Amino acid sequence: MISSDPSKRNSFERCISDGDLVIVYERHDSMKAVQVKIGSEFQNRYGAFKHADWIGKPFGSKVFSSKGGFVHLLFPTPELWTLSLNHRTQILYLADISFVISYLEIVPGCVVLESGTGSGSLTTSLGRAVAPSGHVYTFDFHEQRASLAREDFDRNGLGSLITVSVRDIQGEGFPDEFCGAVDSIFLDLPQPWLAVPSAARILKQDGILCSFSPCIEQVQRSCDSLRQNLLM
Amino acid sequence: MISSDPSKRNSFERCISDGDLVIVYERHDSMKAVQVKIGSEFQNRYGAFKHADWIGKPFGSKVFSSKGGFVHLLFPTPELWTLSLNHRTQILYLADISFVISYLEIVPGCVVLESGTGSGSLTTSLGRAVAPSGHVYTFDFHEQRASLAREDFDRNGLGSLITVSVRDIQGEGFPDEFCGAVDSIFLDLPQPWLAVPSAARILKQDGILCSFSPCIEQVQRSCDSLRQNLLM
Amino acid sequence: MASEDSGDGLREETMSANRRHTWEGCSVLLDINDGDRLVFAMLTHGATLKIGKKKFPLAPLIGCPFGSLFKVETSSNGSHLARFFPSSAPEAATEQVKDHCHASVEFKDNRSLVDNNTAQGLSSEDIDSMRREGATGEEIVEALITNSSTFDKKTTFSQEKYKVKKQKKYAPKVLLRRPFSRSICEAYFKKSPTRIGSLRVDALSLLLSMANVGAYSDVLVLDTVGGLLTGAVAERLGGTGYVCCTYFGSSNLPIDIVRMFNFSSDVNSRIVQASFTDLIGEDNDEPSSQPDNPKAHAANTNTLLSADSIIPKSLVPVLHDESLEEVIVSNAKFSYSKEIFSELNPMQTSPHAHSRSLNEDGRNAQPCSISEKLIPPGRKASTELIKTWKRRGFTSLIVAAPEMEVDSLVQKLLSLICYSGPFAVYHHCLQPLAICMHNLQTSKMALSLQISEPWLREYQVLPSRTHPHMQTSGFGGYILSGIRVCGGSGS
Amino acid sequence: MASEDSGDGLREETMSANRRHTWEGCSVLLDINDGDRLVFAMLTHGATLKIGKKKFPLAPLIGCPFGSLFKVETSSNGSHLARFFPSSAPEAATEQVKDHCHASVEFKDNRSLVDNNTAQGLSSEDIDSMRREGATGEEIVEALITNSSTFDKKTTFSQEKYKVKKQKKYAPKVLLRRPFSRSICEAYFKKSPTRIGSLRVDALSLLLSMANVGAYSDVLVLDTVGGLLTGAVAERLGGTGYVCCTYFGSSNLPIDIVRMFNFSSDVNSRIVQASFTDLIGEDNDEPSSQPDNPKAHAANTNTLLSADSIIPKSLVPVLHDESLEEVIVSNAKFSYSKEIFSELNPMQTSPHAHSRSLNEDGRNAQPCSISEKLIPPGRKASTELIKTWKRRGFTSLIVAAPEMEVDSLVQKLLSLICYSGPFAVYHHCLQPLAICMHNLQTSKMALSLQISEPWLREYQVLPSRTHPHMQTSGFGGYILSGIRVCGGSGS
């Protein structure tokens, strides 16, 4: 998704090649992330599409199935990736994701922590924001979810920017090795206030914490905890 | 403001006469309620206006001062009355007032209780809604405020529809004599939950309670209390 | 049959306009599973309500107080709706509230939950057989919880969610609501917003306040929102004053929704219709000779219905609302038809046609006490009334015609409003209101001009689970309000 | 002077783009009394900040970490700003929170308060004499409370309100904030929204996400929001890729706001300007010969400033913002002028004028280490770069030009974006975006087309005093987003 190699980035000159990740766009509410592999076929209600037919075409091309149905092949972005996910947890909406990135004041080079990982939708956007020299460390206590997310980041090319760990941040806090090295922290936990003391300890001076909660009571309690822990 | 006598109601045939309450409209954000009295003068930055000049003119007329300045003379409504008030307490906005009247499902003939009275702005709208055969009983613990409100209702012609009493509803609850006779109750109190048990006792079957609070914590606590007291 | 009781109730109703119990033939709003489904219904003995795949007679709801709750009860005769009284602590979470200050600290979480579909031990066959054996909905929900291998591992929050979901399916609740401008507006807004021009309850409330609607008002309305505005105004008039629905051209506007309000004859008789031409006309004697005769009209209403029907007729057509009506009237003798539906709007036909049907007065001998008495809403305004309004002016004006060119309309209608009379105009778009406002400003017909954008955000307030509703409509339209004054190019 | 430290910091800055301490000449955002007033300032030794009727030098802020708090301290030399560290429980109410679950139950109320103006025993003369005797702001606030006859009778809530009000007046706080796209956007939105086309921070954030802005992107922007969009994109690029500000006609668009960001030369050099004609032109050699030479440009920047100034020049003009700049630069040798301000936009003059000034390279011998190094943002894109973009296309497009005809513009600009490149267009009105969307749909140039309405509601969250902010703007404009695809009439 993100690369410093100009020949890998999307452009008029860049064509789909073997091994590329493409977003197969069926409709605005229906798309799939697919790894191009000569010899493979993509099947949907519009028919069967040979991957081989895709190679050499620019991203953004309309391609046809044996039955004459069509899809568009798009260059992957965090936004399209999120839309193509099978959601393992409730995900943040694009408006929330973009807002969080702005509020966390993330720029390339930042070190960012996140818990939980969830379906990795926000993580992907965090990865884009810290690239090329920063890093995202994301934690989830759910073993299966963490390993699925890890596989996803390897697939979408963000593996080198994101480290997924299994850890109960509410119970254990963030690892001490991050102390004073973290620019921004994002919490999406049922009891975020439990993670606040640890977050306060490891954030850099003027570092930023954002917490996302569906209910006002969680926000109230988190604010209490932030007032007690985060002010200098 | 409200009258069953057609000759008193506003119409093309109705003219301003001695003793009428008029709203002197200077600008959209500046108006005064004035009792017309032959021999009196109204003074403002636009000059001096003789009340005598107003008599015999229809409501909605533009009248001039000795200096050539002008104002409009309007027929009083609860909305204009509210805009003309010197606010003794924070008042509800028109959007909130109209919403409250709808939610309380008030129709002519209803018996409605209110606490506190505040500056009487909502009370005036409640009076309009219950007229001609209903009644509003409003309570405030603040002696001075209650008597100022009482004077106001006498001035704006709603005195016969509204009874103002001094009573600490949070501490004492509503008077027991209202038991089972009340269609709707409106609370604008710092701790509305203290008044809920009494409100639940005196409301008719399927009667309605609305409580207005600026802060979410007050709403949360009121809801807890309503769930415990108001469900059959 | 509770017809005697109903008869008494109706008389009482005429007084207080605020009845507390349902009666036979009464219009009600049914709220199924806390707002999941909203249904307008008429409480007749033949009427049924479909929940899931089953139909339940509505007869048990007759005579009950508004605000009553009903659930499905199973007896030897099959299942039926029965009233129940919730305990005063309806949520398991209530005790929790007392224990914890804030969101409860919990040591259970869902880290050990693995997604698969083997968690429920009870099959749909098991549930069916429980039902056959007469198990209540609550018992089935309990059994589902007991047989769920993952329930104990869920957080309290998730357990609650699971339970509510199953309760809705296996132990549905029906809340009997009083049809009132507020609940009627909310129900339409939720289910069929286009029928009411997306007029949200807060916007409707603002219109009523801004136009100073109260007892003894003579309110002129232009209502293309199906009668919702007309009904809401009539509700505030309480049998005094008048609401006059005007229209341009030859046919009046439908006001079917007025029938949902359960208005008494006193209130209905205060709802009249008049074309704009009639309202401004010099000395136009076109209106029919005796439009203010309630008897004549009530009879007319019945005339167009099949004479052999045994249920009160004048209320029936109300229910023929394509979008909201979900109640099945199983009485085979009665059949809905487009013709009957059009009868809802007696004035949609020409004044002549109307006069003609008036001549049929008395042909219907149907002796139902309720329908006999009830004057329908929306009769044509009498020449007398129109003359009075020409002389005195209307006290205020409300326009809710989002699909019409408001600018020219408002200036025309405003000439019928007395000086110092307030007005309010609802529209979907800001632009036409801004133009209208500008023109009123330059013509000096009005002052205190203002455009408001109604705004509403609802919250769920539950212990530790308070949040704004996700689906609150952000769109509330716009309202232009002002006060007519003397002088100006319009007077 | 912390200039050595600043010099080091700058080098470090070039790396991390995320500096934590201020330096001399640094741009900062000052938040006075919790958002009551927001001021952009440049930290020079001569700069002062006016609070109330007094001016305070800003020198004490140099070298402090962002996020520091300052208050007025009185010493024998008069009063000055001094850093302070709030206790971790800044609100008296915090203890209360521990005692009570919900809103605190209180037995005090204001029933006995009578409105008059005799409640305060302290006269303004008394306060002035306390000040002369060197009392701190807190001491004055305490004295006011002690001498208030009604304070004890007030509710805790009212006491709190009274105290906050007096603190703001007598013991003001200044928070030193890092200028960042978020804080810059918020400050402008609050104080001078028209300068940034009322682009709210949530809308700006959405634009960046929807256009997939990240390292190595080549983003085409049409920015009539003063450079806020350009700066926000450059911030995300972190010295990689390019943001190309395009314009129609002969003069480029002002991007003054970019100067507020404290960008390093690395980041500034990635912000370039190019006319649309140049971007589509066949083989246009018009661009100046060496626009990519940072040295030349830096020198140019200084050339236009008065040579005898002793403060870093290249940053000064930033502060000449009519609406937000409130800092008084007391250095008499330096004078603001319209000429200097226009220098903020070196590209506003024609390419020829620009080339001419380039020839003056080196004339300025000003030895300030910071300004010497700093490349200004917004140089003209080189022929080389333009050729690359013609060949490869831009990776995405963002348009924030609320006062322009977007429909035709977007289709033109989209032809410069590579296939599968995303785009986002901000506008005040729905209508032009709907037309644009329709035309893109029929031309088949784009898919995944969507119009969004950004929505933001802020809350105050304080113990027992949580509520939505009353003055949240309901207006966030609209965003049209989509993805360019192959084929269609535009390619």
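In the predicted model, A:Asp188 touches A:Gly116, A:Gly118 and A:Phe212 when residues up to four places away in sequence are not counted; two residues are in contact if their C-beta atoms, placed from the backbone, lie within 7 Å. Local features of this predicted model need pLDDT of at least 70 and side-chain atom pairs count only at pLDDT 80 or more, whereas totals for chains, interfaces and linings use all residues. Residues are numbered from 1 along each chain as its sequence is written, and chains are lettered from A and ligands numbered from 1 in the order in which they are written.

A:Asp188 is found in the loop between strand E10 (182–187) and helix H7 (196–202) of chain A. Helices (H or I, at least four residues) and strands (E, at least two) are DSSP runs, numbered from the N terminus. A:Asp188 is buried because 23 other C-beta atoms lie within 10 Å; the cut-off for buried is 20 or more such atoms, with 12 or fewer for exposed and partly exposed in between, C-beta atoms being placed from the backbone. An unreviewed UniProt entry places the feature "binding site" at positions including A:Asp188 and A:Leu122; UniProt positions are given in the numbering used here, feature names are shortened, and annotations may be inferred rather than shown by experiment. A:Leu122 lies in helix H4 of chain A and counts as buried, with 25 C-beta neighbours inside 10 Å. Beyond its neighbours within four places in sequence, A:Leu122 is in contact with A:Leu92, A:Ile97, A:Val100, A:Glu114 and A:Phe186.

Chain A is divided into domain 1 (21–76) and domain 2 (80–229), with bounds from an automatic or database domain assignment. The C-alpha centres of the two domains of chain A lie 32 Å apart. Their contact takes 8 residues from domain 1 and 7 residues from domain 2. On the domain 1 side, E2(A) supplies the largest share, 4 residues.

Between chains A and D, the contact takes 51 residues from chain A and 53 residues from chain D. H3(A) gives the most to the chain A side, with 8 residues. That side divides into 24 nonpolar, 16 polar and 11 charged residues, where Ala, Val, Leu, Ile, Met, Phe, Trp, Tyr, Cys and Pro count as nonpolar, Asp, Glu, Lys and Arg as charged, and the others, Gly among them, as polar.

In chain C, helix H6 (residues 181–191) is mostly covered, with 8 of its 11 residues buried. The cover of these buried residues includes helix H3 (94–103) of chain B.
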